[in-house]
Amino acid sequence: MKDEPMDVKALLKSLSEACGVSGYEDEVRGVIRQAFEPYCDEIRVDTMGNLIGLKKGSGKGGARRKRVMLAGHMDEIGLMVTEIDQGFIRFTQVGGYDTRVLPAQAVTVFGRERLPGIIASVPPHVSGSSDKSTPMDELYVDVGLSESQVNKLARVGDLITLDRPCVELSDDLLCGKAFDDRASVAAIVTCLEILSQTAHEWDVYAVATVQEEVGLRGATTGAFGIAPDLGIAIDVGFGKQPGVKEKFAIILGKGPALARGPNIHPKLFAGLKATAEKFEIPYQVEVTSGGTGTDANAIQLTRDGIPTGLISIPERNMHTPVETISIKDVERTGRLLACYIAGLDADTMGQFVWDDDNGGEK
Amino acid sequence: MMLEKLSNAFGPSGCEGDVRRIVISDIKSRVDELTVDHLGNVICRMKATGRGKKPLRIMAAAHLDEVGMIITHADDDGFLHFDKIGGIDDRILPAKGVVIGAGKVPGVIIAKPVHLTSAEERGKVISHDDLVIDIGAANKDAAVKKCAPGDYATFDTRFRRFGRGLVAGKAFDDRVGCAVLIELIKRGPYPFEFCPVFTTMEEVGLRGAKVAAFKVRPDIALVLESTICEDSPKEKDRGSVTAIGKGPALSLADRGLIVNRKLVRFAARRAAALGVPCQFKQPGIGGTDGGAIHKEGEGAPTLPVSVPARYIHSPMAVISLRDFHHTIDLAEDVMRHVTLADIQP
């Protein structure tokens with residue numbers, strides 16, 4: 001066990017700056033493994049690459065003690081080299097960027113060595129003014145090397161990440177390239193730290209999932225392998241900012257958002273809400289009208305069905321290299337998870353029945 | 001009749017409690033096992049009559065849920081904003097009545113008066129993002145007291161007789177299938193192991209059916225549905241998806257399932273033997289729980305059998321009672337006669 005309290009801000013920075021494009025999460029997995037290690041009894045990496053930390057509970061049942069799975073995805077969206085074109089690098093994307101954010105971004109090409117680069121933009125003097133955005137296949141990366149050097153150092157299939165050191169916008173707001181969903185991984189670490197000093201009966205499976213951005217792939221096999229009794233996905237949600245409709249928006253600094261909707265078991269929503277109220281943790285409610293685009297979607301549909309919840313950390317500028325989150329929201333998310341888990345006992349699953357009262361919040 | 005009760009019940013995807021309660025109270029004494037799983041599916045089992053070798057396990061699924069709405073937030077003037085649950089066409093939303101949440105709060109979907117619209121606006125569909133529900137609340141606080149974000153809503157339509165031999169109501173997709181399945185339970189037990197499943201959340205991605213099929217692991221599955229019936233007057237050379245009054249519709253292929261050809265042919269032969277009309281649903285359109293069931297676990301041959309319904313996913317659909325009864329008869333007959341030998345490749 002660690003003596004020093006964890007520095008959440010430092011952890012967030014190192015997580016955001018680590019490389020881990022979907023399918024290639026090795027570097028960030030190393031960072032997370034270090035963060036999990038002080039608090040977990042066992043750590044393993046499954047076939048897909050999910051990092052699974054087990055923190056054992058004190059309840060009865062031995063190997064089949066009740067299990068809660070926490071899932072935050074460690075992969076980030078990124079780019080991939082498709083062609084070396086006269087010393088310049090053409091690329092496609094892994095996961096979904098708005099291509100309009102790409103021109104004039106600094107990048108790192110993970111070739112035989114790390115190559116700093118820039119996504120080229122043709123000066124307006126040459127291109128003329130246009131209201132059309134530049135399609136991805138017209139964009140390219142300039143790494144400032146000669147054609148023969150580029151041919152030697154970069155290959156088709158190499159990864160490219162947008163290169164963005166984490167910036168402190170204020171005392172509470174951090175801006176970086178991969179808070180989707182490393183902010184949630186930090187919240188899970190916060191939760192584990194609190195649980196290391198708090199009794200809990202249930203086994204906790206802290207999972208940093210892979211390949212969320214390309215179709216919830218890690219969570220699908222991770223949940224099947226763990227077969228948890230309850231699943232909670234933690235992801236980022238759309239922070240309020242110009243252009244985001246109020247119906248989708250949650251507000252930075254006002255606490256984690258608890259999701260409601262078909263993807264969410266009403267009792268898990270109610271349990272998280274009651275916990276937040278009991279421990280005076282600020283929270284918001286987020287409404288989702290179907291399968292969410294998060295690991296919660298995969299977890300709920302695992303095996304013969306798993307009661308699943310979703311907590312969203314408000315984030316502005318999602319899927320850009322300037323993703324912005326509130327440190328307080330991350331800490332509150334970790335605390336909410338820990339308080340909820342500490343309250344799980346032998347009777348909890350008995351409460352997961354359907355009231356058939358139409359899910360009304362009464 | 002049961003269909004009336006089911007149609008009037010409140011049950012958007014994820015909030016099927018009312019419907020589940022009606023179904024369970026009607027069937028619980030007739031099945032050997034009944035469980036409600038973590039997604040809210042009602043999974044039943046009726047043991048096979050007779051003894052002997054391991055009986056065939058046939059699953060029949062109908063979904064409890066209907067398309068609807070979910071409240072996202074209230075604005076300062078007390079109007080409720082909402083998202084759609086499942087596939088509702090924005091064109092059918094304006095000026096409809098709804099009920100919201102456990103309190104069944106009445107409301108209406110409103111759009112601004114025609115006098116205040118431009119000709120250009122009137123030519124465009126109003127997005128559901130620009131529509132609100134009026135529940136008569138004076139302001140945000142008053143609205144949130146009656147309806148919280150995340151409360152579900154559905155249309156306030158009441159079931160009625162309609163035209164000649166037809167009935168009209170909301171949620172026929174898939175309360176009609178539920179009514180068919182309840183009747184099949186009442187006609188049991190059967191010489192095979194019968195697993196009736198009332199699934200949840202079909203309209204938001206076949207969610208209940210997926211986990212239910214994992215649990216049941218059927219040898220063969222039927223999906224009982226009411227399906228798109230588009231038999232309106234049209235240009236020549238364009239067929240209808242299905243037609244009302246022409247009997248149960250057998251699916252050949254839809255967006256999520258290519259039906260085992262031997263199974264669908266077998267069903268068509270049984271219809272002929274039984275003297276029940278049947279039709280094939282135009283391929284490539286729509287999807288059912290079969291899309292999830294047929295590829296869960298090691299897979300199972302799956303056939304959707306549907307009652308044609310005009311105007312599904314709207315506040316008011318229409319079916320023929322003759323089609324309804326023929327669907328029950330055909331489904332029963334197919335289940336009683338089918339063997340694995342009939343459908344194996």
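Student: How many helices and strands does the secondary structure of chain A come to?

Tutor: Chain A has nine helices and 17 strands, where helices (H or I, at least four residues) and strands (E, at least two) are DSSP runs numbered from the N terminus. Its radius of gyration is 21 Å, close to the 21 Å that the globule rule gives for 362 residues, so chain A is as compact as a globular protein of that length. That radius is taken over C-alpha atoms, and the globule rule is 2.2 Å times the number of residues to the power 0.38. This is a predicted model, in which local features need pLDDT of at least 70, side-chain atom pairs count only at pLDDT 80 or more, and totals for chains, interfaces and linings use all residues. Residues are numbered from 1 along each chain as its sequence is written, while chains are lettered from A and ligands numbered from 1 in the order in which they are written.

Student: OK, and what scores does the model get?

Tutor: The model has an ipTM of 0.86 and a pTM of 0.91. Chain B averages a pLDDT of 94, with 99% of its residues scoring at least 70; pLDDT is the predictor's confidence in each residue, from 0 to 100.

Student: How many residues of each chain are in contact?

Tutor: On chain A there are 28 residues that contact 37 residues of chain B, counting two residues as in contact if their C-beta atoms, placed from the backbone, lie within 7 Å. The chain A side of this contact has eight nonpolar, nine polar and eleven charged residues. Here Ala, Val, Leu, Ile, Met, Phe, Trp, Tyr, Cys and Pro count as nonpolar, Asp, Glu, Lys and Arg as charged, and the others, Gly among them, as polar.

Student: Back inside chain A, at what angle do α7(A) and α9(A) pack?

Tutor: Helix α7 (residues 266–278) of chain A packs on α9(A) at about 110 degrees, and the axes are 9 Å apart. Axes are lines fitted to C-alpha atoms, for helices over the stretch in contact, and angles run from 0 to 180 degrees between N-to-C directions. The angle makes α7(A) roughly perpendicular to α9(A), on a scale where under 35 degrees is roughly parallel, over 145 roughly antiparallel, 65 to 115 roughly perpendicular and the rest oblique.

Student: Which residues meet there?

Tutor: From α7(A), A:Gly271, A:Leu272, A:Thr275 and A:Ala276 meet A:Leu336, A:Cys339 and A:Tyr340 of α9(A). By class, that contact has five nonpolar, two polar and no charged residues.

Student: Switching to strands, how do β1(A) and β2(A) pair?

Tutor: Strand β1 (residues 42–45) and strand β2 (residues 51–55) of chain A pair in the antiparallel sense over four bridges, where pairing requires that DSSP finds at least two bridges between the strands. A:Glu42 has A:Leu54 in β2(A) as its bridge partner. The two strands form a hairpin with five residues between them, and A:Gly49 in the turn has a positive phi of about 105 degrees.

Student: And where is A:Leu216?

Tutor: A:Leu216 is in the loop between β12 (203–209) and α6 (217–226) of chain A, and its phi is near 55 degrees, a positive value in a residue other than glycine. Most residues other than glycine have a negative phi, and most peptide bonds are trans.

Student: Which residues does a cis peptide bond join in chain B?

Tutor: One cis bond joins B:Asp173 and B:Asp174, with omega about 15 degrees, and B:Asp174 is in helix α5 (residues 172–186) of chain B. The bond from B:Gly188 to B:Pro189 is also cis, with omega near 0 degrees, and B:Pro189 is in the loop between α5 and β12 (193–199) of chain B.
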